[in-house]
Amino acid sequence: MEKTLLVIKPDAVERKLIGDIIQRVERKGLEIKALKMERITLEKAEKHYEVHKEKEFYNDLINFITSGPVVLMVIEGENCVQIVRQMAGSTSPLDAIPGSIRGDYSVDLLKNIVHTSDSVESSRREIKNFFRNVD
Ligand code: CMP
């Protein structure tokens, strides 16, 4: 069964949005297979965002994602990669539609509340980086 990674980022944890975001996932009818709260190490953050290494915002991104605790969860369900991406909303605050997580809670390109895997392939790589016992 398809799986995806959803990360509730430090801005959302600080703004006490963990419950809201978990509730959206549950109400949608998706299965939460694993869930934990931790502060991401620099090593894991660099691995997670290695595709953005050359981007001008890379250092800000690494500093932000390691700035405080995050909540990581593995979600399972048919087509869940695309479904959870739609629930998160577009990265650009100009495109994130109200009703989506980012559309409801963020106007910031960097501090954008959640991360979700953008493909089945990257979800496998990302889940492996953070969860040892989920395959
Ligand atoms: P995420 O889905 O975690 O994937 C990469 C992250 O980089 C993205 O969410 C944003 O937090 C951040 N990001 C993407 N584009 C920009 C940008 N132009 N400026 C600053 N941060 C960005």
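User: Let's start with the ligand. Where does the ligand sit?

Analyst: In this predicted model, the ligand sits in the largest pocket.

User: Which residues are around the ligand?

Analyst: The shell is made up of Lys9, Tyr49, His52, Phe57, Leu61, Thr91, Arg102, Leu109, Leu110, Asn112 and His115. By class, five of the shell residues are nonpolar, four are polar and two are charged.

User: How do I read polar contacts here?

Analyst: Look for pairs of N or O atoms within 3.5 Å. Tyr49 has a side-chain N or O atom 2.5 Å from a ligand oxygen. For Lys9, the corresponding distance to an oxygen atom of the ligand is 2.7 Å. Arg102 places a polar side-chain atom 3.1 Å from a ligand oxygen. As for cover, the ligand taken alone exposes 460 Å², and the protein buries 81% of that.

User: And how many salt bridges are there?

Analyst: The general idea is that side chains of opposite charge can pair when their charged atoms come close. With a cut-off of 4 Å between nitrogen and oxygen, the count here is six salt bridges. One of them joins the side chains of Glu76 and Lys3, at 3.2 Å from N to O.

User: Which parts does the pair of Glu76 and Lys3 tie together?

Analyst: Glu76 belongs to strand E3 (residues 70-76) and Lys3 to strand E1 (residues 3-8), so their pairing links parts that are 73 residues apart in sequence.

Notes: Residues are numbered from 1 along each chain as its sequence is written. This is a predicted model: local features need pLDDT of at least 70, side-chain atom pairs count only at pLDDT 80 or more; totals for chains, interfaces and linings use all residues. Side-chain values use heavy atoms; hydrogens and water are left out. A residue is near a molecule or strand if one of its heavy atoms lies within 4 Å of it. A polar contact is a pair of N or O atoms within 3.5 Å; within protein, one must be able to donate a hydrogen and the other to accept it, and residues adjacent in sequence count only if both atoms are side-chain atoms. Accessible areas come from the Shrake-Rupley method with a 1.4 Å probe; for residues, only the protein chains shown count as cover. On a 1 Å grid over the protein atoms alone, a cavity is a set of points where a 1.4 Å probe fits but cannot get out, and a pocket is an open set with protein on both sides within 12 Å along at least five of seven lines; lining residues have an atom within 4 Å of a point. A molecule sits in a cavity or pocket if more than half of its atoms lie within 2 Å of its grid points. Ala, Val, Leu, Ile, Met, Phe, Trp, Tyr, Cys and Pro count as nonpolar, Asp, Glu, Lys and Arg as charged, and the others, Gly among them, as polar. Helices (H or I, at least four residues) and strands (E, at least two) are DSSP runs, numbered from the N terminus.
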